Amino acid sequence: MKNSERNTMERQGDRYDYPVAAAALIWKGTLVALNAGNAVPGAATAALVTVGIADETLNNAGGAAGAKRITVRRGVFLLSNSTGPDEITGAHVGSPCYVADNDTVALTHATNTRPVAGTIRAVEAGGVWVEI
């Protein structure tokens, strides 16, 4: 416990940069997740943790893990909606949604095989607004 003033550092919290996994190719504007601390494209893999949307396209195809870093944005983004039984509707606003692929979200975690993408904020014809 501190019993005196403290100069606590601050940042906006909407942009972070992460080391990129070996051989990863991440496209600008797509979901980015962490796998053991390294950035990878968003995917329906339960062990991944979604961290945001890529600010740039980054190809680390020939590099080792961490050889390159990618900037990722947090916020509310329009992503593609899944189809069929996993389609998200307006009735689901406020609920979590899950990563189906690097630009698509789904209603369910498909028996714990998909990581959380974020929270559904709105649904429209063009897709799903997701807060990450």
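How many bridges join strand E3 to strand E4 (residues 38-41)? The model examined here is predicted, so to speak for its limits, local features need pLDDT of at least 70 and side-chain atom pairs count only at pLDDT 80 or more, while totals for chains, interfaces and linings use all residues. Residues are numbered from 1 along each chain as its sequence is written, and side-chain values use heavy atoms, with hydrogens and water left out.Four bridges provide the link, and the two strands run antiparallel. Strands, like helices, are DSSP runs numbered from the N terminus (strands, E, of at least two residues; helices, H or I, of at least four), and two strands pair if DSSP finds at least two bridges between them.

Strand E3 itself (residues 31-35) is mostly covered, with four of its five residues buried (under 20% relative accessible area, with exposed over 50% and partly exposed in between; 1.4 Å probe, protein chains only). E3 is also joined to strand E5 (residues 49-54) by four bridges, again in an antiparallel arrangement. Here Leu 34 stands opposite Val 49 of E5.

Elsewhere, five strands form a closed barrel in the order E8-E10-E9-E11-E12, with mixed pairing. Neighbouring strands of this sheet are turned by 60° against each other on average, direction ignored; axes are lines fitted to C-alpha atoms, for helices over the stretch in contact, and angles run from 0 to 180 degrees between N-to-C directions.
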